[in-house]
Amino acid sequence: MPSDIIAVLGPTNTGKTHYAIDRMLGYRSGVIGLPLRLLAREVYDKLVALRGPSVVALVTGEERIVPPRAQYWVCTVEAMPAGIGPEFLAVDEIQLCADPERGHVFTDRLLHARGRVETLFMGSDTMRGRIANLIPEARFVHRERFSALSYTGVKKVSRMPPRAAIVAFSVDEVYGLAELLRRQKGGAAVVMGALSPRTRNAQVDLYQNGDVDYLVATDAIGMGLNLDVSHVAFAGTSKFDGRRHRYLRADELAQIAGRAGRFTTPGSFGVTGAANALEPDEVAAIENHQFAPLRKLEWRNSVLEYGSIARLIASLELNPTHQDLVRARDADDLIALRTLAANPHVAGRAQGAPRVKLLWDICQVPDFRKVSAGEHANLLARLYDYLTDTGRIPDDFMARHVAMVDRIEGNIDALSKRLAFIRTWTYVAQRPDWLDDAAHWRDETRAVEDRLSDALHMRLTQQFVDRRTSVLTRRLKLKEALVAELNTKGEVTVEGEFIGRLDGFRFQQDPSASGEAARTLRAAALAALAPAFSLRADTFYNAPDTEIDFTEQGGLMWGEHAVGKLTKGADALSPGIEVFVDEDAGPEIAEKVRRRLGHWLDRRISALFEPLIGLKNDESLTGLARGVAFRLVESLGVLPRHEVASDVKSLEQDARGALRKHGIRFGQFTLFMPLMLKPAPTRLRLLLWALNNDLADFPPAPPPGLVTIPALEGVDASYYPQSGYRLCGARAIRIDMLERLADMLRSADTRGGFENTADMLSITGLTLEQFAALMQGMGYSAERGERPKPVRVAEGDGAEAPKPDEAEATPAPDAALEDAPAAEEAAPEVEPDAAPETAPETAPETAPELEVFYTFRWAPPRRTNPANENRGKPAGEGRKKRADGQAGGKPQGKAPRGKGKPAGKAGKPGDKPGGKPAPRPERKVDPDNPFAMALAGFKPKS
């Protein structure tokens with residue numbers, strides 16, 4: 001009998017994993033694939049508690065526990081065994097088929113992994129359409145969430161409710177938030193995918209037992225880990241996916257937010273820190289669990305050829321044949337294979353199918369260390385040499401490398417690096433065919449990992465759990481008989497009496513007191529707050545840079561306290577600082593605050609403007625290159641090209657190369673540093689520009705990720721280059737996207753007219769009507785047209801599928817556009833066997849559906865040219881006689897031979913005597929319209 005294939009789909013907290021475990025235990029054998037080894041360990045422990053360790057196996061990349069009578073296999077998806085033929089097979093989080101990094105593995109399991117009796121795929125509803133297309137025989141089961149999930153908006157870390165998890169997407173952010181919670185809330189547990197299962201479980205126990213009320217984690221908690229979390233707060237909404245930084249989709253945010261609320265207990269989610277508030281459509285999608293279906297699944301060929309390295313690489317680079325699949329980007333193992341193939345020594349040894357297969361097995365050793373691609377390739381080459389020479393990795397080689405990391409001293413970073421290193425040797429130890437005594441090395445590497453895990457847990461607890469900090473922030477003990485208390489709201493009481501508020505380093509006395517009472521309160525405050533000012537100054541001076549930030553109006557904030565403001569300095573990169581400190585606090589407190597803000601500001605400018613600082617300090621630049629560099633530094637990394645057009649044109653290639661080494665891009669319309677266009681440098685650049693230009697009201701920075709923004713009223717035109725945009729009519733377009741759009745239009749017939757394309761809409765992220773308005777702002781005329789849409793032909797008729805409507809083009813992946821119109825709601829699903837109760841015998845004819853398009857033509861401003869004012873007029877109507885001396889003073893077409901023009905050819909108006917044509921008037925270029933430069937023949941060398 002064929003396997004019964006069931007897709008159990010639904011949002012988080014629907015019990016899908018629990019359902020799969022129950023189903024598996026109803027069979028004599030089963031395999032379940034899970035997305036994380038942390039989750040695999042959790043499920044393994046649960047099954048061991050139910051059935052005992054003798055029948056449950058655990059297989060991950062770095063751990064292998066396989067008893068002789070194993071019936072149930074708990075694995076990571078990559079480590080699922082092949083060929084054992086279980087009665088039941090399940091794969092969790094099947095929506096990861098679309099993951100750019102690991103998706104091809106999940107897709108392979110979707111297409112090929114089967115249980116003999118039952119196969120179960122669990123995941124999000126976004127996979128329904130793709131599973132139906134790829135596996136027509138699959139049945140679908142939808143499960144509803146057990147509890148409600150609601151959005152609570154923005155909350156500061158200091159006001160985070162208990163039993164909350166704060167999610168960040170980098171190790172530095174996780175540690176920074178944990179340190180902040182240690183000082184403000186008494187401590188936090190830390191959970192990351194890079195932690196070993198032992199460390200992660202110890203940290204979770206710290207949270208679950210109530211020792212701390214807060215958890216700081218990466219998106220690893222979104223993959224099915226069961227935690228007692230009531231609120232999830234996002235400290236960011238973008239992450240690095242292995243190749244680039246990108247914003248998370250609504251369904252990805254929902255996967256993480258869904259950890260809030262267990263079983264029937266409601267949960268909530270929101271944002272904190274530097275994260276922007278979620279858009280209303282995102283909130284609605286997450287609360288209602290309604291997301292756009294996945295369009296494509298990542299795929300890589302799993303039928304490999306080992307005849308040679310070249311044939312193996314070619315088989316890995318094959319393209320899929322199904323329309324729902326797309327070839328996955330090059331994974332680390334394929335990159336390592338290409339690197340080793342380029343090594344003559346390795347290529348010479350890899351002759352014959354067995355050795356090519358061995359080389360591919362070695363390339364799949366994960367790069368846990370993340371030192372460098374070259375260093376990882378060298379390690380793999382060393383392993384290949386051993387295995388091709390003797391068939392085994394020497395014991396002394398393993399012992400030497402294991403001993404190097406078997407040390408438990410050091411800080412958190414040092415222990416984390418050693419854990420990453422030991423994971424490599426733990427993975428190697430799982431290959432019995434590579435080692436003489438694989439069991440010994442499995443035990444040895446596991447013991448080292450356990451020791452490092454325990455040490456790391458201890459360091460994390462010491463670093464991020466300190467209840468004394470929360471006590472010190474709520475109560476301040478003072479000398480003599482006066483005791484001042486400062487609560488989290490900044491309210492100051494002395495001997496139980498409210499006397500005012502302390503905002504940063506400024507005391508605001510209770511305004512209700514007057515006369516003698518006010519003077520008494522002031523004296524009491526001075527005596528009581530003197531130690532508080534000193535303690536607060538020390539705390540501020542030792543606070544991490546992550547607690548300090550600036551506002552768009554130049555204010556300097558420490559958490560929620562204003563402690564100073566930026567002022568105009570000697571130049572844009574050297575602003576001044578004015579501190580907000582009470583005179584009664586003393587000059588030493590003010591100086592300490594000023595020094596701390598100065599250190600923070602220097603590091604902030606150096607970090608965000610690192611390319612610009614490097615350009616400014618490059619003494620090797622000389623001549624015009626130094627002048628262009630000075631102008632670029634002066635304009636803070638973004639400079640309209642027409643301002644230095646003559647200098648750029650005169651630059652030698654060596655000078656251009658010297659500038660390009662600093663990351664300068666010579667765009668067609670702008671000179672800029674791409675790194676300086678990121679949101680954080682742009683926000684700071686706008687502030688420094690406003691300070692340097694003595695603006696009374698500082699314009700805000702554009703929201704991050706938008707390709708176009710609406711034009712702002714009452715804003716100086718120089719604002720747009722500083723914000724990384726160029727104004728074009730009612731909207732401004734990001735300058736890097738403007739360059740890409742200009743490249744597209746360079747080959748278009750701008751005079752005869754051209755139509756919009758899907759690529760044009762994609763890079764701008766606009767609707768068709770918005771794009772037409774943008775083009776009109778650039779100087780084009782836009783003519784709207786309609787035509788019948790191409791008739792879609794059913795698959796199999798031999799006709800090509802029509803191209804997608806250009807008005808519905810998908811935005812570019814790097815354009816997280818917040819002003820783009822919401823996508824149309826998906827049509828309601830209809831069961832395949834559903835049919836209307838009554839159907840007309842003949843369908844009525846309907847008018848063809850129309851599609852809208854625009855035709856654009858270049859429409860520059862008209863300029864009067866006296867030499868052409870008579871052109872096209874009939875004879876005798878306004879034609880002027882040419883002046884004597886032009887073309888010999890002869891009538892047109894009567895020029896004598898040998899004088900100016902050959903016989904029979906007329907001289908043009910303005911020709912000089914002797915037949916030499918007068919120089920054509922220089923074509924003027926409007927510097928405010930970027931595309932006029934391209935039409936005037938401006939072609940930059942870059």
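Modeller: Here is a short tour, starting with the ground rules.
This is a predicted model, where local features need pLDDT of at least 70, side-chain atom pairs count only at pLDDT 80 or more, and totals for chains, interfaces and linings use all residues. Residues are numbered from 1 along each chain as its sequence is written, and side-chain values use heavy atoms, with hydrogens and water left out.

Colleague: Is Lys16 buried or exposed?

Modeller: Lys16 counts as buried because its relative accessibility is 11%. Buried means under 20% relative accessible area, exposed over 50%, partly exposed in between (1.4 Å probe, protein chains only).

Colleague: What does the side chain of Lys16 reach?

Modeller: The backbone oxygen of Pro11, at 2.6 Å.

Colleague: Switching topic. How many salt bridges does the structure hold?

Modeller: There are 53. A salt bridge is a side-chain nitrogen of Lys or Arg within 4 Å of a carboxyl oxygen of Asp or Glu.

Colleague: Which residue forms a salt bridge with Glu769?

Modeller: Arg784 does, with the closest N and O atoms 3.4 Å apart. The pair links distant parts of the chain, with Glu769 in helix H28 and Arg784 in strand S34, 15 residues apart. Helices (H or I, at least four residues) and strands (E, at least two) are DSSP runs, numbered from the N terminus.

Colleague: And how exposed is Glu769?

Modeller: Glu769 is partly exposed, at 41% relative accessible area. Arg784 is partly exposed at 47% relative accessibility.

Colleague: Which residues are linked in a network of salt bridges?

Modeller: Arg37, Arg41, Asp45, Glu63, Arg446 and Glu449.

Notes:
A polar contact is a pair of N or O atoms within 3.5 Å; within protein, one must be able to donate a hydrogen and the other to accept it, and residues adjacent in sequence count only if both atoms are side-chain atoms.
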